Amino acid sequence: MIEVQHLTKTYGSVTAVDDISFRVEPGEIVGLLGPNGAGKTTTMRVLTGYIPATEGKALIAGFDVFEQPIDAKQRTGYLPETPPLYPEMTVREYLTFVARIKGVSRVDRERRVEASMERTRVDDRADSHCGKLSKGYRQRVGLAQAILHNPDVLILDEPTAGLDPKQIIETRELIKSLAGDHTIILSTHILPEVSQTCERVVIIHRGRVVAEGTPDDLTARLRSTETISLQIDTSGADPTSALIAIDGVTGVRLNSDLASVVGAEVETVQGRDLRRDLAHTVVTNGWGLLELRSIRMSLEDIFLHLTTEEDVAAHNDAANLIKTTSETADA
Amino acid sequence: MRNILAIARKEVMSYFASPIAYVIIGLFALLFGYFYSAILAFFLRQSLQVGQFGFSGPTTVNINQDMIRPLMLNATVVILFVLPMVTMRSYSEEKRSGTIELLLTSPLSGLQIILGKFAGAMALYSMMLAVTLVHISILFVYGDPEWMPIATSYLGLLLLGGCFVSVGLLISSMTKNQVVSGMATFAVFLMLWVINWLADSTGPTTQEVLTYLSITEHFDDFSRGVLDTKHVVYYLSFIAFGLFLTAKAVDSERWKG
Ligand SMILES: Nc1ncnc2c1ncn2[C@@H]1O[C@H](COP(=O)(O)OP(=O)(O)O)[C@@H](O)[C@H]1O
Ligand SMILES: [Mg+2]
């Protein structure tokens with residue numbers, strides 16, 4: 001349903017997105033996870049046709065967003081980072097206008113506007129001016145706008161950013177309930193958000209995809225294993241059995257089958273540095289060790305950059321503690 | 001077409017949701033009214049003289065030539081001041097508030113957005129002009145003007161205003177700041193206005209070119225009741241070129257990010 005192929009976007013000398021590829025299957029709900037500045041917004045802006053890609057391409061429902069923009073946009077609902085509202089319009093006026101420009105036919109217009117207001121629970125503010133709404137309502141009107149023309153694909157950029165905890169939970173429930181009818185891609189920098197809402201995660205960092213899988217997959221991989229990358233000259237022999245025999249190695253994946261030099265990724269139990277054992281095995285087999293590199297750090301580094309809600313809570317606690325302390329001091 | 005209308009409706013709604021539409025229409029009516037009464041007073045004095053002195057005084061007065069034509073020429077000065085206020089928000093405000101992201105990710109072509117914005121601004125401008133019909137109709141009650149020069153004058157005002165609006169949209173598409181947008185638009189209007197002043201001090205060829213380019217020179221025939229396709233073509237191509245450049249400006253902005 002959504003296909004991103006070797007997408008690159010540069011702003012002058014800044015490479016915001018660097019050769020990203022991923023797919024989202026129909027009906028899936030996929031999270032684009034990454035710290036601030038990772039390139040999430042840029043990716044989404046290319047997907048929605050707001051900005052052109054520097055290289056590579058993006059397809060929505062089989063339509064190239066650059067070659068056939070009208071067809072692609074017809075099938076896309078988009079919630080930008082800041083909901084694009086006109087402050088002087090009432091919610092109903094605004095959604096009616098959006099329905100017109102999204103090509104909702106006159107007979108369906110009123111019904112669609114009412115339905116999407118109900119779905120996002122903004123119907124009680126239908127006649128309020130958009131400029132007077134609270135943050136939570138603005139976000140929901142933004143969502144109502146995105147689902148208005150019942151698009152196949154929903155692209156939601158940080159849909160819960162800036163909301164209070166209760167609103168966050170409501171919004172996540174809402175997004176999950178939309179997943180049946182739509183293919184959804186949402187971005188976030190909050191780790192628990194993806195495990196609660198998404199079926200699959202694409203982690204991006206500094207404009208590149210660094211990991212992809214189900215949330216369980218990724219957390220399991222992060223918790224229990226580390227990966228070491230090897231380049232060995234085996235003169236044609238298969239090193240798999242020798243490597244897997246090492247105590248602590250849980251998996252071996254060969255990623256080149258050249259006659260002599262073999263690239264291998266070895267998964268090992270977390271917390272045990274097996275580099276020495278690996279080097280020893282290679283040498284005792286009479287192979288040449290060309291490279292040995294631990295690559296688990298990068299993924300972990302990224303997770304360290306990601307916000308966890310627990311962090312936020314801890315932060316607030318700390319702030320409260322300071323406040324309490326100073327009050328005590330005053331007294 | 002439906003998309004263009006949707007954008008145009010939204011533009012008009014935005015104008016009237018803020019005080020700006022009322023201020024603009026009020027200001028225009030006020031300035032036009034001032035010129036109207038000043039010119040009318042002068043005209044009445046002149047006709048009185050003609051009446052008193054008969055054929056020995058200033059030859060003869062004509063309500064079209066001596067009242068309506070100067071009034072219309074003054075109206076072009078008024079729109080020079082008022083139209084920047086109409087177009088300054090157009091793209092600038094959408095860019096500032098992020099709603100441009102909604103427009104550009106909707107199934108609309110860039111041209112439809114531009115034409116919609118143009119139509120919206122022209123609708124407000126037409127309402128401004130409509131107010132002045134009241135002043136003119138009073139002249140029909142007390143005098144007997146020819147209607148042809150009036151009709152061509154209004155057509156000329158619409159076309160001239162269209163040129164200003166297309167320049168205003170172009171400038172508005174280049175900045176997020178509506179104050180900058182308004183000031184720059186006014187400056188450019190003024191330049192288009194005075195370009196033929198330069199003409200007098202240059203050689204014959206340059207003079208011809210500058211006079212042709214001058215946006216006001218082309219209005220003269222309209223104000224005299226002459227409908228010359230040459231001038232209509234000039235104004236329409238000016239508008240088309242302005243809107244074309246706006247499309248380019250919006251696009252290049254997207255390439256930059
Ligand atoms: N309009 C722009 N001009 C220049 N650089 C930009 C622009 N938008 C984003 N960037 C840069 O591109 C990188 C990725 O940004 P973005 O896609 O907004 O990340 P995210 O949404 O993941 O926080 C950042 O380094 C940011 O500074
Ligand atoms: Mg972002």
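A residue is called buried when its relative accessible area is under 20%, exposed when that area is over 50%, and partly exposed in between, with a 1.4 Å probe and protein chains only. This is a predicted model, in which local features need pLDDT of at least 70 and side-chain atom pairs count only at pLDDT 80 or more, whereas totals for chains, interfaces and linings use all residues. Residues are numbered from 1 along each chain as its sequence is written, chains are lettered from A and ligands numbered from 1 in the order in which they are written, and side-chain values use heavy atoms, with hydrogens and water left out.

What does S8(A) pair with in the parallel sense? Two strands count as paired if DSSP finds at least two bridges between them; strand S3 of chain A (residues 29–33) pairs with S8(A) in the parallel sense over five bridges, and within this pairing Ile29(A) has Ile184(A) as its bridge partner. Strand S7 of chain A (residues 153–157) is also parallel to S8(A) and is joined to it by five bridges, with Ile155(A) partnered by Ile185(A). From S7(A) the chain crosses through helix H6 of chain A (residues 165–178) to S8(A), in a β-α-β crossover that is right-handed, a term that applies if, with the strands pointing away from the viewer, the path from the first strand over the helix to the second runs clockwise.

The charged pairs come next. Side chains of opposite charge can pair when their charged atoms come close. With a salt bridge defined as a side-chain nitrogen of Lys or Arg within 4 Å of a carboxyl oxygen of Asp or Glu, the structure holds 25 salt bridges over all chains. In one of them, Glu101(B) meets Arg45(A), with the closest N and O atoms 3.1 Å apart; this pair crosses between chains, from helix H5 of chain B (residues 99–104) to helix H1 of chain A (residues 40–47). Glu101(B) counts as buried because its relative accessibility is 5%, whereas Arg45(A), at 24%, counts as partly exposed.

Within chain B, Glu94(B) and Lys10(B) form a salt bridge with an N to O distance of 2.4 Å, and this pair links distant parts of the chain, 84 residues apart, from helix H4 (residues 90–97) to helix H1 (residues 2–17). Glu94(B) is buried at 3% relative accessibility, and Lys10(B) is buried at 3% as well. Asp220(B) likewise forms a salt bridge with Arg69(B), the closest N and O atoms being 2.9 Å apart. Because Asp220(B) lies in helix H10 (residues 219–223) and Arg69(B) in helix H3 (residues 63–87), the pair ties together parts of chain B that are 151 residues apart in sequence. Asp220(B) is partly exposed at 27% relative accessibility, while Arg69(B) is buried at 17%.

Finally, Ser172(B) is found in helix H7 of chain B (residues 147–172) and is buried at 0% relative accessibility. Leaving aside neighbours within four places in sequence, Ser172(B) has contacts (heavy atoms within 4.5 Å) that include Thr87(B), Tyr91(B) and Ser181(B).

Definitions and conventions:
Helices (H or I, at least four residues) and strands (E, at least two) are DSSP runs, numbered from the N terminus.
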